[in-house]
Amino acid sequence: MAVEDRAPQPGARAQLADLVRDRKAALDLSYEKLAARCVDPETGVQTVKSSWLHRLATDMPVQAPDLPALRGMAAGLDVPLGRVQDAAGAQFFGIDVVWSASGDARALVERADRMTPEQREQLMRLLDSLAPPR
């Protein structure tokens with residue numbers, strides 16, 4: 001198959017494919033090694049095959065991943081699950097998540113998810129003192 005035959009269709013989305021390509025390069029992994037890292041932390045099962053990752057990254061048709069596959073990909077790509085979910089939602093379902101122009105809101109949410117309930121309460125009190133609710 002010629003490279004031109006595999007080019008994405010005009011208007012096609014590639015957010016998850018881009019994420020996989022970028023992280024694969026950053027981690028300096030083969031598709032086989034990347035797939036081996038894609039283990040769902042909840043089940044301990046490898047969730048994607050190297051051939052699926054290759055097809056995705058080379059803009060070939062693939063089936064949309066399910067939640068266990070997304071969890072496994074997040075682990076394998078070493079990124080937060082939300083980032084993989086956002087990319088998959090955008091590529092496969094046209095869902096564009098907008099947190100804020102600067103990305104600060106998303107960073108705050110991701111950090112808040114790692115806080116204890118007491119720390120989140122303190123943060124809410126701080127936010128209320130700086131920017132009271134309407």
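**Figure 1. Asp78 sits in the loop between H4 and helix H5 (81-93).** The model is predicted: local features need pLDDT of at least 70, side-chain atom pairs count only at pLDDT 80 or more, and totals for chains, interfaces and linings use all residues. Residues are numbered from 1 along each chain as its sequence is written, and side-chain values use heavy atoms, with hydrogens and water left out. Asp78 is not a glycine, yet has a positive phi of about 60°. Most residues other than glycine have a negative phi. With a relative accessible area of 53%, Asp78 is exposed (buried is under 20% relative accessible area, exposed over 50%, partly exposed in between; 1.4 Å probe, protein chains only).

**Figure 2. Asp59 lies in the loop between helix H3 (50-57) and H4.** Asp59 is not a glycine either, and its phi is positive, about 60°. Is Asp59 exposed or partly exposed? Its relative accessibility is 30%, so Asp59 counts as partly exposed.

Figure 3. Helices and strands are DSSP runs, numbered from the N terminus (helices: H or I, at least four residues; strands: E, at least two). From the N terminus on, the order of elements is α-α-α-α-α-α-α. Of the 134 residues of the chain, 27% count as buried. Take contacts between residues at least 6 apart in sequence: 55% of them join residues at least 24 apart. Contact means heavy atoms within 4.5 Å.

**Figure 4. Helix H1 (residues 15-27) packs with helix H4 (residues 67-77).** The angle is about 30°, and the axes are 10 Å apart. Axes are lines fitted to C-alpha atoms, for helices over the stretch in contact; angles run from 0 to 180 degrees between N-to-C directions. H1 and H4 are therefore roughly parallel to each other. The cut-offs are under 35 degrees for roughly parallel, over 145 for roughly antiparallel, 65 to 115 for roughly perpendicular, and oblique for the rest. On the H1 side, the contact is made by Leu16, Leu19, Val20, Arg23 and Leu27. H4 brings Met73, Gly76 and Leu77. By class, this contact of H1 with H4 has six nonpolar, one polar and one charged residues. Ala, Val, Leu, Ile, Met, Phe, Trp, Tyr, Cys and Pro count as nonpolar; Asp, Glu, Lys and Arg count as charged; the others, Gly among them, count as polar.

**Figure 5. Gly76 is a buried residue in helix H4.** Its relative accessibility is 0%. Which residues does Gly76 contact, leaving aside its neighbours within four places in sequence? They are Leu27, Leu34, Arg37 and Cys38. Gly76 and Cys38 are 38 residues apart in sequence. In space, their C-alpha to C-alpha distance is 4.1 Å.

**Figure 6. H1 also packs with H5, at an angle of about 135°.** Here the axes are 6 Å apart. That angle makes H1 oblique to H5. H1 contributes Gln15, Leu16, Ala17 and Leu19. H5 answers with Arg83, Val84, Ala87, Ala88, Ala90, Gln91 and Phe92. By class, the contact of H1 with H5 has eight nonpolar, two polar and one charged residues.

**Figure 7. Lys24 lies over the face of Tyr31.** The distance from the ring centre is 4.5 Å. A charge sits over a ring if NZ of Lys or CZ of Arg is within 6 Å of the ring centre and within 35 degrees of the ring normal.
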